[in-house]
Amino acid sequence: MRLDVVTIFPEYLEPLNVSLVGKARARGLLDVRVHDLRHWTHDRHHTVDDTPYGGGPGMVMKPEPWGEALDTVLASGAPGHTPRILVPTPSGSPFTQELAEELAAAPWLVFTPARYEGIDRRVIDEYAHRPDVAAVHEISIGDYVLAGGEAPVLVMVEAIARLLPGVLGNAASHRDDSFAPGAMANLLEGPVYTKPPEWRGQGIPEVLLSGHHGNIARWRRDQALTRTAALRPELIETTPPDALDKHDRATLEHLGWRAGADGRFWPPEQDVEE
Ligand code: 6GU
């Protein structure tokens with residue numbers, strides 16, 4: 001997979017040389033190219049921003065440097081190859097495991113992290129209509145506002161890269177991910193333990209030492225249900241009834257959850273203070 005990143009802070013992308021993504025690059029599984037947007041400015045001050053039309057606070061990224069940068073990146077592709085362009089923005093659609101899976105199957109991604117109040121709209125509209133672009137996605141990594149799109153690019157690249165064939169040690173590593181698409185139920189993973197068997201007075205849950213694989217799987221499932229019910233109740237509420245077995249139902253009922261007429265579960269009533 002080829003990844004291009006156009007940014008005014010190329011050094012912010014240094015973590016792409018480290019750990020999982022760095023190793024994938026070193027092994028030739030990822031071709032990452034980071035470009036300095038200011039390379040495509042022509043004034044003495046390498047200006048990339050200007051004041052917003054219509055007034056208001058902050059600055060907007062000028063269209064010309066982005067246009068020249070993206071034209072150059074697009075022209076550098078193999079003939080007939082078109083990238084998807086990912087525009088990080090808090091006003092985008094949510095980045096999910098499902099989108100990460102979809103993007104991991106793409107041959108070429110171009111990221112355009114912005115600073116200030118964002119990029120002149122005409123840039124996004126231009127490339128959304130270009131025949132040499134497969135798609136433009138405006139993507140947010142969550143409901144909070146960051147100062148720029150570089151950290152979101154690191155987040156998205158890590159989520160995508162670990163799904164590429166050969167990047168993680170074993171394929172089963174992501175089959176069990178909390179938000180693996182196609183999973184019947186999206187459950188948070190429960191606790192994990194390793195040696196030593198006793199640490200600062202704390203032991204290991206007995207079942208994990210039993211060697212009984214059926215009991216271990218059941219215990220892990222109950223831990224996942226319990227944790228999800230406590231921390232992400234909406235994930236239980238939206239779980240299709242056929243994704244829950246008899247034991248799952250008993251576990252949820254033990255936690256005070258109740259099945260509605262359609263078989264979906266509802267949380268215990270909250271006590272209201274007088
Ligand atoms: Cl992608 N960019 C910025 N600046 N803030 C964000 C974000 C992206 N996603 C959530 N907050």
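Predicted model: local features only at pLDDT ≥ 70, side-chain atom pairs only at ≥ 80, totals over all residues.
Reader: OK, the ligand. Which residues are around it?
Author: They are P88, T89, P90, I139, S140, I141, G142, Y144, L146, G148 and P152. A residue is listed if one of its heavy atoms lies within 4 Å of the molecule.

Reader: Which backbone atoms lie by a nitrogen atom of the ligand?
Author: A backbone N or O atom of Y144 lies 2.5 Å from a ligand nitrogen. For I141, a backbone N or O atom is 2.9 Å from a nitrogen of the ligand, and for L146 a polar backbone atom is 3.1 Å from one. A polar contact is a pair of N or O atoms within 3.5 Å; within protein, one must be able to donate a hydrogen and the other to accept it, and residues adjacent in sequence count only if both atoms are side-chain atoms.

Reader: Now pockets. What is the volume of the second largest pocket?
Author: About 470 Å³. On a 1 Å grid over the protein atoms alone, a pocket is an open set of points with protein on both sides within 12 Å along at least five of seven lines, while a cavity is a set where a 1.4 Å probe fits but cannot get out; lining residues have an atom within 4 Å of a point. Grid points are joined across faces, edges and corners, and the volume is the space filled by probe spheres set on the points.

Reader: How many residues line that second largest pocket, and which lie nearest its centre?
Author: The lining has 26 residues, and P88, T89, P90, E117 and G118 lie nearest the centre. The elements that give two or more residues to this lining are β5, α4 and β7 (135-140). β5 has the largest share, five residues. Helices (H or I, at least four residues) and strands (E, at least two) are DSSP runs, numbered from the N terminus.

Reader: How does the lining of the second largest pocket divide by class?
Author: Into 14 nonpolar, eight polar and four charged residues. Ala, Val, Leu, Ile, Met, Phe, Trp, Tyr, Cys and Pro count as nonpolar, Asp, Glu, Lys and Arg as charged, and the others, Gly among them, as polar.

Reader: And how many cavities of 30 Å³ or more are there?
Author: One. The largest cavity has a volume of about 60 Å³. Its lining consists of L70, I85, V87, T112, I119, V123, I124, Y127 and V136.

Reader: Which element gives the most to the lining of the largest cavity?
Author: α4, with three residues. By class, the cavity lining has eight nonpolar residues, one polar and no charged.

Reader: Change of topic: H137. Buried or exposed?
Author: H137 is buried because its relative accessible area is 16%; buried means under 20%, exposed over 50%, and partly exposed in between (1.4 Å probe, protein chains only). H137 sits in strand β7, and its side chain makes a polar contact of 3.1 Å with that of R84.

Reader: What else does H137 touch?
Author: Not counting residues up to four places away in sequence, H137 touches R84, I85, L86, V87 and L103. Contact means heavy atoms within 4.5 Å.

Reader: Why does T228 count as buried?
Author: T228 counts as buried because its relative accessibility is 0%. T228 lies in helix α7 (residues 213-231), and its side chain reaches the backbone nitrogen of L188 at 2.8 Å. Beyond four places in sequence, its contacts include N186, L187 and P233.

Reader: Where is P233?
Author: P233 is in helix α8 (residues 233-237). It is partly exposed, at 27% relative accessible area. Leaving aside neighbours within four places in sequence, P233 is in contact with T228 and W257.

Reader: Last one. Which residues does the cis peptide bond join?
Author: K195 and P196, with omega about 5°. P196 is found in the loop between α6 (172-175) and α7.

Terms used: Residues numbered from 1 in each chain as written. Heavy atoms only, no water.
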